[in-house]
Amino acid sequence: MRTAGPTIVDALSRYRARDPAEAADLDRVLRLARSVGDPWLRSHPLHVTASALIVHPESGRVLMRRHARMGTWLHVGGHGDPGETDPLGVVRREAYEETGLDDLVPHPDASLVQVVIVPVPAGGGEPAHEHADLRFVLATGTPDAARPEKPDAPLRWMSFPEAREATAEDNVREALWRVERLLAAAPAD
């Protein structure tokens with residue numbers, strides 16, 4: 001059995017919530033990571049997931065993925081596989097699987113950009129549950145190499161205003177605002 005280990009708890013302990021709602025989510029996720037042997041297990045009604053907004057810093061665009069089950073445009077990410085404990089490792093694997101991009105690197109560093117608990121409706125044989133989503137930013141230098149994992153999950157490079165308009169999720173809009181500000185503040189190479 002894998003354990004949360006220091007990776008999740010350390011990342012969450014270093015993270016500073018930006019508002020009271022995020023502080024409450026951060027507290028719940030920390031309690032989960034400290035209280036169960038494996039916070040990634042899908043059998044927990046609340047379990048950890050890791051996701052990322054993929055950016056192309058040169059063009060200032062973000063890659064969005066159409067999520068058929070949720071019926072909206074979202075960022076990439078998902079569940080840890082057995083044996084995985086590092087959230088950044090999980091999201092890099094998921095991002096590669098969902099986009100085919102093999103040059104993804106944390107941007108501007110490996111820090112979390114958002115911690116949010118997301119309700120997930122029942123479907124696909126799973127009951128309703130919650131994802132404790134740990135969000136990062138990954139950058140690519142080869143945006144034209146992006147390829148969808150499957151036909152019903154198309155990818156599209158968008159400006160940040162287009163992405164905010166395309167998603168139905170307020171928490172994703174907030175993530176997009178944060179990443180757009182992060183890119184604007186980053187020094188040019």
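Leaving aside neighbours within four places in sequence, Glu 22 is in contact with Tyr 15, Ala 17, Gln 114, Val 115 and Arg 178, a contact being heavy atoms within 4.5 Å. This is a predicted model, in which local features need pLDDT of at least 70 and side-chain atom pairs count only at pLDDT 80 or more, while totals for chains, interfaces and linings use all residues. Residues are numbered from 1 along each chain as its sequence is written, and side-chain values use heavy atoms, with hydrogens and water left out.

Glu 22 lies in helix α2; helices (H or I, at least four residues) and strands (E, at least two) are DSSP runs, numbered from the N terminus. The relative accessible area of Glu 22 is 4%, so the residue is buried. Buried means under 20% relative accessible area, exposed over 50%, and partly exposed in between, with a 1.4 Å probe and protein chains only. One of the contacts of Glu 22, Arg 178, is also its salt-bridge partner, with the closest N and O atoms 3.0 Å apart. A salt bridge is a side-chain nitrogen of Lys or Arg within 4 Å of a carboxyl oxygen of Asp or Glu. The pair links distant parts of the chain, since Arg 178 is in helix α5 (residues 170-185), 156 residues from Glu 22. Arg 178 is buried as well, at 5% relative accessibility.

Arg 178 also forms a salt bridge with Glu 174, at 2.9 Å between the closest N and O atoms. Glu 174 and Arg 178 are 4 residues apart in helix α5, and therefore about one helical turn separates them. Glu 174 is partly exposed, with a relative accessible area of 28%.

The whole structure holds 14 salt bridges. One of them joins the side chains of Glu 126 and Arg 42, at 2.9 Å from N to O. Glu 126 sits in the loop between β6 and β7 and Arg 42 in the loop between α2 and β1, so this pair ties together parts 84 residues apart in sequence. Both ends are partly exposed, Glu 126 at 23% relative accessible area and Arg 42 at 47%. Elsewhere, a network of salt bridges links Asp 81, Glu 84, Arg 93, Glu 94 and Glu 97.

Helix α2 also holds Asp 25. Asp 25 is buried yet has no salt bridge, and the nearest side chain of opposite charge, that of Arg 28, is 5.3 Å away. For charge, Lys and Arg count as positive and Asp and Glu as negative, while His and the chain ends are not counted. Beyond its neighbours within four places in sequence, Asp 25 is in contact with Val 115, Val 116 and Ile 117.

Of the 7 residues of β6, 6 are buried.

Strand β7 (residues 129-139) also runs parallel to β1, with 10 bridges between them, and Ile 54 has Leu 138 as its bridge partner there. All 11 residues of β1 (residues 46-56) are buried, so this strand is largely enclosed by the rest of the structure. In a regular strand the side chains alternate between the two faces of the sheet. In β1 both faces are covered, one side including Ala 52 and Ile 54 and the other including Leu 53 and Val 55. β1 pairs with β4 (residues 76-78) in the antiparallel sense over 3 bridges, with Ala 52 opposite Val 76. Another 3 bridges join β1 to β2 (residues 61-67), again antiparallel. In the hairpin of β1 and β2, with 4 residues between the strands, Gly 60 takes a positive phi near 70 degrees.

The largest nonpolar core has 34 residues, and Leu 12, Ile 54 and Leu 138 are among those with the most contacts inside it. Elements giving two or more residues to this core include α1 (5-14), α2 (20-35), β1, β6 and β7. Apart from it lies another core, of 17 residues, among them Val 55 and Leu 183. A nonpolar core is a set of buried Ala, Val, Leu, Ile, Met, Phe, Trp, Tyr and Cys residues joined through side-chain atoms within 4.5 Å.

Over the whole chain there are 5 helices and 8 strands, and 48% of the 189 residues count as buried.

Terms used. Two strands pair if DSSP finds at least two bridges between them.
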